[in-house]
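Please read this briefing with the sequence and the model side by side. The points are grouped by topic.

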Amino acid sequence: MEALIQTLCAVTIAQFVMWCIGGVLIYLAIAKNMEPALLLPMGFGAILVNLPDSGAAAVIGHLFELGISRYEVFPLLLFIGIGAMIDFQPLLCSPRLMLFGAAAQFGIFFTLGLASLLGFALKDAASIAIIGAADGPTSIFVAQVLKSNHTAAIMVAAYSYMALVPMVQPPIIRLCTTRAERKIRMQYKSRSVSRLTKILFPIGVTVIVGLVAPDAVALIGFLMFGNLIRECGVLNSLSDTAQNVLANLITILLGLTIASRMSAEEFLRVETLLIMGLGLVAFAADTFGGIMLAKFMNLFLKEKINPMIGAAGISAFPMSARVVHKLGLEEDNQNFLLMHAVGVNVSGQIASVIAGGLILALVGG
């Protein structure tokens, strides 16, 4: 009993605060069902590493070193699983949707300038800006390559905002659109896409990105390899494994390893709050960029585009597409935007990786 009292007395206020943060993440995972495979291990890990004299902190730290810090294995393996989940048919049926994926990366470059103005070193500003990619693996990869001093906060911000897309995006979308715009119906004109096209697409994208943005080729290559497994038609069991077992396992390991950087000493800093704020700005600016492109295009189109689909250009797949579809149904229960939003969402997945490569090339990663 005396030993227990001594241990409790050793708990600092900062550690207690981190327990509370971990508890909030666990609550969101279980009660709100927000990316539980990610937020639950992050929340539990945050509690683990902030226990006094925690032996778990060292173990999880070694896992971070092997899986992220030294070799970036976890982000790359996760991209195989994500690639295997993605069906590019909606994008291939309407290639112009790729424009919205590009426009929705506006927040990355806007935040890069803003973070620099706020005094962050260029490598840190660039790493913070990639939070706007809404793509956890890309954020980790860029921060590690650039050796940012704020990797912990960047990783937590990137994955937290990915999980919180259903809360973050709707108010921004409503602010940037009118009710009449949100009620615009779009007909989905599906056409068959040949198996050969689906096979050649990931190969072609890898080659093109490798030539244009070589720093992004590792990420895009693993993403497209996962998609090739899906579309080749001869590796169905491997595709299922990549989509489910591999993706879920790596997500859990990522959650735990990210938590290794959530110790009170490393996490509870003024810079962390600033980074979280900049991450939110990046998400908002990305959403704004996609919507504004749709509004601009509508000035010249007879068949109008629902501007909300532009918001799905962030890389948070498939959460952002679901958010747009849900908002469309709230305004008009016969307004089905899912396929359009999915096409934009998968284009955002590609565009975010390219943006990461461009940032690395710009900063000199």
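Six helices, α3 (36-48), α5 (73-85), α10 (136-145), α11 (151-163), α16 (236-259) and α20 (319-331), each contribute at least two residues to the lining of the largest pocket. The model is predicted, and the pocket in it has a volume of about 520 Å³.

**The largest pocket**

- The lining of the largest pocket consists of 22 residues, and those closest to the pocket centre are E35, M85, F317, P318 and M319.
- By residue type, the lining divides into 14 nonpolar, five polar and three charged residues.

**The chain as a whole**

- The secondary structure of the chain is made up of 21 helices and zero strands.
- The C-alpha trace spans about 75 × 45 × 40 Å along its principal axes.
- The radius of gyration of the chain is 21 Å, which agrees with a compact globule, because a globule of 365 residues would have a value near 21 Å.
- Of the 365 residues in the chain, 53% count as buried.
- Among contacts with a separation of 6 or more, 79% are between residues 24 or more positions apart.
- The chain exposes about 15,700 Å², and carbon and sulfur atoms supply 68% of that area.

- The phi angle of K147 is near 55°, a positive value in a residue other than glycine.
- Is K147 buried or exposed? K147 has a relative accessible area of 62%, so K147 counts as exposed, the cut-off being over 50%.

**N227, a helix residue**

- N227 is part of helix α15, which covers residues 217-231.
- Is N227 buried or exposed? N227 has a relative accessible area of 1%, so N227 counts as buried, the cut-off being under 20%.
- Which residues does N227 touch, not counting those up to four places away in sequence? They are G83, A84, I86, F88, K198 and P202.

Methods: Residues numbered from 1 in each chain as written. Predicted model: local features only at pLDDT ≥ 70, side-chain atom pairs only at ≥ 80, totals over all residues. Heavy atoms only, no water. 1 Å grid on protein atoms, 1.4 Å probe; cavity = no way out; pocket = protein on both sides within 12 Å on 5 of 7 lines; lining within 4 Å. Points joined across faces, edges and corners; volume = space filled by probe spheres on them. Helix = DSSP H or I, 4+ residues; strand = E, 2+ residues; numbered from the N terminus. Nonpolar A, V, L, I, M, F, W, Y, C, P; charged D, E, K, R; others polar. Rg over C-alpha atoms; globule rule 2.2 N^0.38 Å. Buried < 20%, exposed > 50% of the residue type's maximum accessible area, 1.4 Å probe, protein only. Contact = heavy atoms within 4.5 Å. Areas by Shrake-Rupley, 256 points an atom, 1.4 Å probe, with all protein chains shown as cover.
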